[in-house]
Amino acid sequence: MRRLDSTEIVLSRRQILAASAAAGAVAALPGQASAKEGASDPSSLAFRQPEHTIADTHRVAAGHQAQVLIRWGDGVTADAPAFDVLAQSAAAQDRQFGYNNDFVAFMPLPVGSLASEHGLLCVNHEYTNAELMFPGLTLKDKTEKLTREQVDVEIAAHGHSVIEVKKSGQSWQVVPASPFARRLSALTTEFQMSGPAAGHDRLKTKADPSGRSVLGTLNNCAGGVTPWGTVLIAEENFDTYFSGDPKKTPESVNHIRLGIKGKSRYAWSRFHDRFDVEKEPNEPNRFGWVVEFDPYDPTSVPVKRTALGRFKHEAATCVTLADGRVVVYTGDDEMFEYLYRFVSRDPIDRKNRRANFGLLDHGTLSVARFDKDGTMTWLPLVWGQGKLTPANGFASQADVLIDARRAADLVGATPMDRPEDVETNPANGRVYVMLTNNSQRKPEQVNGANPRADNRHGHVLELTPPGAGKGRIGRHDAERFRWEILFLAGRRADGATYHPANETYGAWLSAPDNCAFDNRGRLWISSDQGSHQRTNAIPDGIYACDVDGPGRALVKFFYGVPRDAEMCGPAFTPDNRTLFVAVQHPGEDKDSTFDRPSTRWPDFRPDLPPRPAIVAITKDDGGPVGS
């Protein structure tokens, strides 16, 4: 690996000074045992970490409790039948909690309030593991063996759930028969298209010759909440659902750029022609968008907002500018893909909530270029500008949005190490980007913002818009930001760059994925190593660190998922006294099956497989989580 010069890894002056001070403090400690008791711990996070190991069940920091709130198959709507794992049906799953819960949003009740003990929990269902859902299947043979009914159960298990929840003492309960309860299903729910690409010929199919109505949503990963109280859910790896040879379609360049290879991970195209690109070449163009819906109105129709571009969206985080316009940040979760920003044309109407429901249909989508001097530039993706012209295959802004990846290629965006969640810190106005990993980056491909070849553990970037600082949100619509690396993940041997006291007081993590901020502006990170968790011997879960002060980048382990699971969410209540997290795909290992799973979390019953679930974490004394 080539050496990097001093301009290629950007560390802030405050980070260097804080690290130096902490290093002196650590050197003076009598030993690690007393250090772990917190004698001179520079971090503001005072919780005692659980054992940093991979286990069959979950575990949480001392002084906290982790309650399983709702699991795959539990009832959502009032008419949902009891879960029967051996007699599943698509009709039942369409009313029950879906599979592989990911993004979580807590929406206070009533709307617009800061209520922290009563609200709606809005949860994405990203994908399914058929070999863990049905008996007699393995990872290798499931696509050949699945029946039509089982496939329809899978499709119904995708999408989103809305449940009403209430806190009583230190425990949370799902409110039964709630009028807000709802399933958005990939099997039966109709979605509308809006914005510049809606109605375009490339979105029209046999089932929808208008190009404005879509059945379902796919691979809903992270998301966001708008300032007017709607939920944004991001469609990510939609390519994995489609079979058929993309080269035999008029959309071949587009399909191949988005990863459609001809062989699907799913058996859906055996029973549903719309998932075969040779039969419906435009169907994939109807996925890969950001979806907006109103959780407070169970009759509302969710809308795919095409102005935010089409790619493998991870997150859709909103921040309001001083003039009332809204910025949405989102990543494209794949190796060597890009970071995006959307700025609305119009400001929020603060007096009429519903007047804002079309606000995300008009504005400017941009993509990020990172330079080695620590600056970054937002490059607009606007039809007719630069190379985004008919000469390069763009006949309109709709084409730019449908082919957003190719447009970003042409304007010179910086290929990143899997940009996943992107969140704005309300305490300091800075933006934090989770870069999960990139094992395919070669030494000659490294750059300042992605400084490691074979980056198996990922890193966290910190972006500073002009004017951002303590108590100041900054100009998130500015053309240029500053950037620096908060830390490189992994162990010391992997080139990690945490706080120098990390090995004494903290823990190493791998593959930062989703994140959230508490009311003090501290960063809480969920991790996802996928199949590398066992190899790395690093547990996935929730990690937290300060981003300012003497404890900056000192990472601590707070919550660990059960074996072979991924950590998703996380979401705080407004008072920070509850942290909701999503445990996704427990037991997902190549040899794990319904009949012989690697864990049976959370029920641990011999007649039940592992079940993805939402967990509510509270502090024993009722105080803020992590305090």
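**Figure 1. Salt bridges and overall dimensions of the predicted model.** The structure holds 52 salt bridges, and the model shown here is a predicted one. The protein chain comprises 11 helices and 31 strands. Along its principal axes, the C-alpha trace spans about 70 × 60 × 55 Å. The radius of gyration of the protein chain is 23 Å, which agrees with the value near 25 Å that a compact globule of 627 residues would have. Of the 627 residues, 62% count as buried. Among contacts with a separation of 6 or more, 66% are made by residues 24 or more positions apart.

**Figure 2. Close-up of the salt bridge between Asp403 and Arg202.** The closest N and O atoms of Asp403 and Arg202 are 3.1 Å apart. Asp403 belongs to the loop between α8 and α9, and Arg202 to the loop between β8 (190-194) and β9 (213-215), so the pair ties together parts that are 201 residues apart in sequence. Both Asp403 and Arg202 are buried.

Figure 3. The side chains of Arg305 and Glu292 form a salt bridge with an N to O distance of 2.8 Å. This pair links distant parts of the chain, with Arg305 in strand β13 (residues 303-305) and Glu292 in strand β12 (residues 290-293), 13 residues apart. Both Arg305 and Glu292 are buried. In the salt bridge between the side chains of Arg345 and Asp346, the N to O distance is 3.0 Å. Arg345 counts as exposed because its relative accessibility is 52%, over the 50% cut-off. Asp346 is partly exposed, with a relative accessible area of 29%.

Figure 4. Within helix α9 (residues 404-411), the buried residues are Ala404, Arg405, Ala407 and Ala408. These residues cover an arc of only 160 degrees around the axis and therefore lie on the same side of α9. Gly412 follows α9 and has a positive phi, near 90 degrees. Arg405 is also part of a network of salt bridges that links Asp239, Arg257, Lys312, Asp332, Glu334, Glu337, Arg405 and Asp409.

**Figure 5. Close-up of the nonpolar cores.** The largest nonpolar core contains 83 residues, of which Leu218 and Phe242 touch the most other members. Helix α6 (residues 148-157) supplies the largest share of this core, 5 residues. Beyond its neighbours within four places in sequence, Phe242 contacts Leu218, Ile260, Lys263, Ser264, Arg274, Phe275, Val277, Glu283, Pro284 and Phe287. A second, separate core has 23 residues, including Val327, Ala368, Trp378 and Val431.

Figure 6. Glu164 is located in strand β5 (residues 159-168). The residue counts as buried because its relative accessibility is 8%, under the 20% cut-off. The side chain of Glu164 makes a polar contact of 2.6 Å with the side chain of His118. A polar contact of 2.5 Å joins the side chain of Glu164 to that of Ser178. Apart from its neighbours within four places in sequence, Glu164 is in contact with Leu109, His118, Gly119, Leu120, Gln173, Val174, Val175, Ser178, Pro179 and Phe180. Glu164 and Lys261 are separated by 97 residues in sequence and by 40 Å in space, C-alpha to C-alpha.

**Figure 7. Close-up of Glu280 and the backbone of Lys206.** Glu280 lies in the loop between α7 and β12. With a relative accessibility of 10%, Glu280 counts as buried. The side chain of Glu280 reaches the backbone nitrogen of Lys206 at a distance of 3.1 Å. Leaving aside neighbours within four places in sequence, the contacts of Glu280 are Thr205, Lys206, Ala207, Asp273 and Arg274.

Definitions and conventions
Residues numbered from 1 in each chain as written. Predicted model: local features only at pLDDT ≥ 70, side-chain atom pairs only at ≥ 80, totals over all residues. Heavy atoms only, no water. Core = buried A, V, L, I, M, F, W, Y, C linked by side-chain atoms within 4.5 Å. Buried < 20%, exposed > 50% of the residue type's maximum accessible area, 1.4 Å probe, protein only. Helix = DSSP H or I, 4+ residues; strand = E, 2+ residues; numbered from the N terminus. Contact = heavy atoms within 4.5 Å. Arc of directions from axis to C-beta. Polar contact = N/O pair within 3.5 Å; in protein donor to acceptor, adjacent residues only side chain to side chain. Salt bridge = Lys/Arg side-chain N within 4 Å of Asp/Glu carboxyl O. Rg over C-alpha atoms; globule rule 2.2 N^0.38 Å.
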